[in-house]
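Work through the exercises below with the sequence and coordinates open. Each task is followed by a solution in steps.

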Amino acid sequence: MSNQSQTTREQTAEGEPTPGATGAIDIEDLTKVYDPEGERVVAVDDMDLHIGAEEFVALLGPSGCGKSTVMNCIAGYLEPTEGEVIVDGNRVSGPDPKRGVVFQDNRLFPWKTVQENVEFGPQMNDGVEAGRARNILDEMGLDGFEDAYPSGLSGGMQQRAELARLLANDPDIMLMDEPFSALDALTKEIMQKKLIEVWERDNRTVLFITHDVEEAILLADRVVVMTARPGQVKDVIDVDLDRPRDPEVVTTDRFTELRERALSVIREEAQRALEQEEGQA
């Protein structure tokens, strides 16, 4: 890691981004209510969270707790029922290429080649330099696959293309909803390393949703654990492990302590979610 990147990580850990950094997210009194067919469901209720510019935050919680709802409100895909999301001092009112999104299932255009998929965003965004997509393809190890279609790629290669698509737009914020959950263990480790390399080099803000506690602790500066629905912040865990993090860090005592703390909170909330479901049955 460069000295500049190391400095950024130290400042972020203290909640102080580098001068001029962008990508700060403030979730203020966020409530989101769904009302499909007259059945009112409160997905997120009065949630507050600050994510510093250039910070890597992982979001954990039991299924159905509103993690994806929070991400979609930040992305601008959903409008809060109450409260608001502020990015760099501006209220989010819709999607913006500076807030890039990667989902569990790739959203590549099946009728476009890998190169066409990655170039599509920059072509729509005048603020992105020409030739950036070509460089990103090489960086993601997709050289030689430029003319392939998504259906001809393995799951790991599809996620590489999806990450390349995101990075080609040069976003300030990367919103990632369980992007590696469908990958085998080795491919998942490779993609985790690639993501951290990109983050440490470019100093972007990352909100990473996962159900994998070890993945959250391995990647993030902070792990935010949400309650069962309606989702709120239950616990915030500062991950005080040195960077860069070798995969062997999972064998250390401190990693084990952090994992057990997160698991304890999640178990409690998962049990509460189960009791909620049984009460509705």
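## Exercise 1: A ring pair in the core

Phe-208 has a relative accessible area of 0%, so Phe-208 is buried. The model is a predicted one.

**Task.** Classify the ring pair of Phe-180 and Phe-208, and state where the two residues lie.

**Solution.**
1. The ring centres of Phe-180 and Phe-208 are 5.8 Å apart, and the planes stand at 55°.
2. Ring centres must lie within 6.5 Å to pair, and planes under 30 degrees apart count as stacked, over 60 as edge-to-face and the rest as tilted. The pair of Phe-180 and Phe-208 is therefore tilted.
3. Phe-180 sits in the loop between strand S7 (173-177) and H6, while Phe-208 belongs to strand S8 (residues 205-209). The two are 28 residues apart, and the pair links distant parts of the chain.
4. Phe-180 has a relative accessible area of 2% and is buried.

## Exercise 2: An aromatic cluster

**Task.** How many aromatic pairs does the ring rule give, and what is the geometry of the pair Phe-56 and Trp-199?

**Solution.**
1. The count comes to six aromatic pairs.
2. For Phe-56 and Trp-199, the ring centres are 5.4 Å apart and the planes are at 90°, so this pair is edge-to-face.
3. Phe-56 is in strand S3 (residues 56-60) and Trp-199 in helix H6, so the pair ties together parts 143 residues apart in sequence.
4. Phe-56 and Trp-199 are both buried.
5. Ring pairs join Phe-56, Phe-180, Trp-199 and Phe-208 into a cluster.

## Exercise 3: Packing of two helices

**Task.** Describe how H5 packs with H6, using the axis angle, the handedness and the residues in contact.

**Solution.**
1. Two packed helices are described by the angle between their axes and the distance between the axes.
2. The axes of H5 (residues 155-168) and H6 (residues 185-202) come within 10 Å and cross at roughly 15°.
3. Angles under 35 degrees count as roughly parallel, and H5 and H6 are therefore roughly parallel to each other.
4. The crossing of H5 with H6 is right-handed.
5. From H5, Gly-156, Gln-159, Arg-160, Leu-163 and Leu-167 meet Thr-187, Ile-190, Met-191, Lys-194 and Val-198 of H6.
6. The contact residues of H5 with H6 comprise five nonpolar, three polar and two charged.

## Exercise 4: The surroundings of Ile-266

**Task.** Is Ile-266 buried or exposed, and which residues beyond its sequence neighbours does Ile-266 contact?

**Solution.**
1. Ile-266 is located in helix H8 (residues 253-280).
2. Its relative accessibility is 15%, so Ile-266 counts as buried.
3. With neighbours within four places in sequence left aside, Ile-266 contacts Leu-60, Val-213 and Val-225.
4. Val-213 and Ile-266 are 53 residues apart in sequence, with a C-alpha to C-alpha separation of 9.3 Å.

How values were computed
Residues numbered from 1 in each chain as written. Predicted model: local features only at pLDDT ≥ 70, side-chain atom pairs only at ≥ 80, totals over all residues. Heavy atoms only, no water. Axes fitted to C-alpha atoms, helices over the stretch in contact; angles between N-to-C directions. Helix = DSSP H or I, 4+ residues; strand = E, 2+ residues; numbered from the N terminus. Parallel < 35°, antiparallel > 145°, perpendicular 65-115°, else oblique. Left-handed = near helix turned anticlockwise from the far one by under 90°. Contact = heavy atoms within 4.5 Å. Nonpolar A, V, L, I, M, F, W, Y, C, P; charged D, E, K, R; others polar. Buried < 20%, exposed > 50% of the residue type's maximum accessible area, 1.4 Å probe, protein only.
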